Amino acid sequence: MRADLSAAGPALATAAPADAARTGASAPGYTVAVRALCEFTAKAGDLDLRFTPSPTAQEGIAGHGVVTARRGPHYQSEIGLSGDYGPLRVRGRADGYDPQLGQLEEIKTYRGDLARMPDNHRRLHWAQLKIYGHLLCRQLGLARLRLALVYFDIGSQQETVLHEEHDAAELQTYFEQQCALFLRWAEQEMAQRAARDAALSALSFPHAGFRAGQRQLAEAMYKASARGCCLLAQAPTGIGKTVGSLFPLLKASAAHKLDKVFFLAAKTSGRQMALDALSIIARAATAAAPAATMAAPALPLRVLELVARSSACEHPELACHGDSCPLARGFYDRLPAARAAALRAGTLDQATLRTVALAHQVCPYYLCSEMARWCDVVVGDYNYYFDSGAMLHSLTLLNDWKVAVLVDEAHNMVARARKMYSAELEHAALRLLRKSAPEALKKPLERVQRAWNALEKEQTADYQPYAELPEKFMAALQNAANAIAAHQAEHPAQSDPALLEFYFAALQFNRLADSFGQHSLFDISKRGGTASRPDSLLCIRNIVPAPFLRPRFEASHTTALFSATLSPWNYFCDTLGMPADTAWVDVESPFVAEQLAVRVAGHISTRYQHRATSLAPIAALIGAQYARQPGNYLAFFSSFDYMEQAAEQFAQRHPQVPQWRQQRRMDEAARAAFLARFAHDSAGVGFAVLGGSFGEGIDLPGARLIGAFIATLGLPQLNPVNEQIRQRMDAIFGAGYDYAYLFPGMQKVVQAAGRVIRTQTDRGTVYLIDDRFGRPEIARLLPAWWHVEQAERG
């Protein structure tokens, strides 16, 4: 049963202070993982990202298993170790220990030529092993220990073992040296944590009062953190959800001893709104602070914005290693100074971090990755926590962080997560690659080609789903991926974009094949070509992300998903795999029915077969409303073609009314120009596609937007793929049509309508254009505060 957090809760501004940085006299005040300690103290030299085909996580686990299975019966694996140095506690898990040989092992899996491994990687491995060696000597009372670095080649299944003998006293000295190097930083971190928690405990809401609905949202967020459960929060547009979610979890950071808050957004605009909200909170704290405290920040909160590598890279034309890029050369030698400067800079948005990085001649993107370890609030895209190789999730597990995760505009999560756990291969790309591939890769790629041709020959339909993955093809693909990995390991300086693109696509395909099940589909789509040589697309298509996302929810202390459209809650719980104790709150709207006239144009059908006859009445409807109340309107349609036809019809009938249209593949400047047409003193109709750039995430308050026309239910296109999704959803959840079509479509409709009323002083009109909007099962999915009427025929 899911908890209801809608009841009133404690006053957030007076939450009890937390134990400052956990600095009790009887216990260490700062815990660090062995790996994190060594990465801080023992990494030196260049950043080197030349192609090194590291094994997959599954291959790494299997490789460890092979090595440990070869050892004797007395061999001990996965040994938990910890030790203290002053206020510092160092902990970790050693790979294996043979008490008969007196040998402690650190196992590293790899591919290719071991001699090509950079020296600074090897030094880091030895550092980790020496730390584990000291902890084991202290735990078992050993006087001497043999250390072994075991490098296991996934391809050949061969081990290369490097040995060192050390006295316990030598290992203790090394341990103390590394801890001493880290301790000053740790003490600084503890002091910062104490100051942060003290300031957050005293933090007051940044505005004179909560907006209607905002307090209810904030209290639900705080209670979810107090209980350590996840939360689904449906909250209307315009109540200030960003501040209303960040503020309570900043308070919870102190009260519930949270290490980090991750704010995850679907779009760049969502990231900026979070940064703006954090800036408002910080300014309010500064204004409220006594003058005597102003020598230090009133809110010592470290904020980081994560951006994609493609956006952050300063020299995209250069390879990412010290022999090519000056910002990679000596990166780890200059990192300590850059890291310290970054922390002094305050909020690390993209521009600020770039300035700091270039001042210290280090790579902005990898400095950003480093700062994720040391900042209190991290703002980024969904993929940084939920993707298969998500950095924030990996760091959370490595460092045993207690984190709160905020997911903005969470109605996007199902579609985004499906893409994260899907993979595609194009036959045309393979054919082109075979022409330019190195000679050593011709045969492996030819085997893939033959297996692929056989699949195409067997399939008579243009689209075909399969219950199982094709064994011969998957074996050939795995062999080709291994061959490419081995070739690139031997020739790391070579960089054929087409080869690497195919390799990474094959790698993703193989990874998803390992976990293939009812949650995904395998299908083949033929796309043109000739009868004797068709082009096709192979896809492992995720339908239900739940099995992949469930561990992400389990790793957080609390994860709160919030949006204006999260109904019905069971759809999101089922598809995303949220825990059974997930709480649900439906925040009361601050708006009233009198603010928004909602009219259903039930005399018009927007079904595909009726679209031609719908154009004239839609144009008449828009024209009549504009004549009654001139101003700025948005008209939404289900596709670009339908939108263009409607806009042309409207232009012919009402040439005096200004109009502007969304274009395909608009860049940021074009989108900004489209929105700029919605001025306070302008009037006209903007034509757009439902579910596109202008259907959500834009803010046009007051006279900038006074109405919307939504000429579609937003239902996904009826095609073979969506029909397979419907069937799979029906088999798993028993609600195939609703889960595949109705719920996703109506979420888009409500999001688009939500652009009209943004504040409690706004007034506007929404037309829902289709006879199906009058059906009871559709009406139940509309916001409860709407009063829906039938529109008059135009």
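**Helix packing in a predicted model**

Gln449 sits in helix H16 (residues 442-458) of this predicted model.

Student: Is Gln449 buried or exposed?
Tutor: The cut-off for buried is under 20% relative accessible area. Gln449 has a relative accessible area of 8%. Gln449 is therefore buried.

Student: Which residues is Gln449 in contact with, leaving aside its neighbours within four places in sequence?
Tutor: Contact needs heavy atoms within 4.5 Å. With those neighbours left aside, the partners of Gln449 are His427, Leu430, Arg431 and Arg434.

Student: How far apart in space are Gln449 and Ala198, C-alpha to C-alpha?
Tutor: In sequence, 251 residues separate Gln449 and Ala198. In space, their C-alpha to C-alpha distance is 63 Å.

Student: At what angle do the axes of H3 and H4 cross, and what does that make H3 to H4?
Tutor: The axes of H3 (residues 119-140) and H4 (residues 168-201) come within 8 Å and cross at roughly 120°.

Student: How do the residues of the contact of H3 with H4 divide?
Tutor: H3 contributes residues including Ala127, Lys130 and Ile131. H4 contributes residues including Leu171, Tyr174 and Phe175. The contact divides into 8 nonpolar, 4 polar and 1 charged.

Student: What span does helix H7 reach from its first C-alpha to its last?
Tutor: H7 (residues 268-288) has 21 residues. At 1.5 Å a residue, 30 Å is expected. H7 comes close to that, reaching 31 Å.

Student: Which elements are included in what covers the buried residues of H7?
Tutor: Those buried residues include Arg271, Leu278 and Ile281. Their cover includes helix H6 and strands S8, S9 and S10.

Conventions. Residues numbered from 1 in each chain as written. Predicted model: local features only at pLDDT ≥ 70, side-chain atom pairs only at ≥ 80, totals over all residues. Heavy atoms only, no water. Helix = DSSP H or I, 4+ residues; strand = E, 2+ residues; numbered from the N terminus. Expected span 1.5 Å × (residues − 1). Buried < 20%, exposed > 50% of the residue type's maximum accessible area, 1.4 Å probe, protein only. Axes fitted to C-alpha atoms, helices over the stretch in contact; angles between N-to-C directions. Nonpolar A, V, L, I, M, F, W, Y, C, P; charged D, E, K, R; others polar.
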